Every structure is written in C-alpha cells, then in structure tokens.
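Please work through the exercises below with the model in view. Each task is followed by a solution in steps.

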Amino acid sequence: EVESLQVSLFADKKRCEDELRAAQAAAEERLHAAEQRAAHEVELVRLDGEKRLLEEHHALQLAKAEWKRVSEANKEAMSRQVAHAEAMEVEARNALTNLQEQVNQM
C-alpha cells in the first residue's frame, strides 16, 4: 500500500508539475502578447504625434506664406500711397506757383 501511495503521489506531483509548466507557458504567451500590444500602441502614439507635428509644421508654413503675402501687399500699398502723396504735393506746389504768378501779374 505504501508503494501504491508513492506511485499515486509521484503521479500527482508529475501532474502538478505539468499543470504548472502549462500555466507558466500560457502566462508567458499572454505576457508576450501584452508586450506586443503595448509596443504597437506606443508606435501608434508616436506616429500620431509625428503626424500632428507635421500638420502643425504645415500650418505654420502656410501662416508664414500668408504673412509674407500680406506684408508684401502692405509694402506695395504704402509705396502707392507715398507716390500719390508726393504727386499731390507736386500738384499743390505747382498750383501755388501758378497762383503766385497770377497774383504777381495783377
């Protein structure tokens, strides 16, 4: 009977060891799968961040181009206004000169 108990205990021990190895292998597989999912999620976050940075860079480039366009348009408008003011000043001087000549001829 002792021998029978020993055989039974040995079989139970073997079964427990097999179950433990199977549970450990399953846990390792789950851990590996979780690590892969986490790495994938990290990559998605990195790519999303990169995408947002590219979008922001593009928006900044558009804003710079718009600012440059508006700045050039303002410079052109200012040049036209200065030229117009100078022309009016010349006309005013000419008119004053004409008036002075008319007064002198009287």
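**Exercises on charged pairs and chain form**

The structure holds 11 salt bridges (a side-chain nitrogen of Lys or Arg within 4 Å of a carboxyl oxygen of Asp or Glu). This is a predicted model, in which local features need pLDDT of at least 70 and side-chain atom pairs count only at pLDDT 80 or more, while totals for chains, interfaces and linings use all residues. Residues are numbered from 1 along each chain as its sequence is written, and side-chain values use heavy atoms, with hydrogens and water left out.

**Exercise 1.** Describe the pairing of Lys 13 with Glu 17.

*Solution.* Step 1: their side chains form a salt bridge, with 3.9 Å from N to O. Step 2: both residues belong to helix H1 (residues 2–105), 4 residues apart, about one turn of the helix; a helix is a DSSP run of H or I with at least four residues, and a strand is a run of E with at least two, numbered from the N terminus. Step 3: Lys 13 is partly exposed, at a relative accessible area of 49% (buried means under 20%, exposed over 50%, partly exposed in between, with a 1.4 Å probe and protein chains only). Glu 17 is also partly exposed, at 33%.

**Exercise 2.** Describe the pairing of Asp 18 with Arg 21.

*Solution.* Step 1: the closest N and O atoms of this salt bridge are 2.6 Å apart. Step 2: Asp 18 and Arg 21 lie 3 residues apart in helix H1. Step 3: Asp 18 has a relative accessible area of 34%, and Arg 21 has 46%.

**Exercise 3.** State the secondary structure of the protein chain.

*Solution.* The protein chain has 1 helix and 0 strands.
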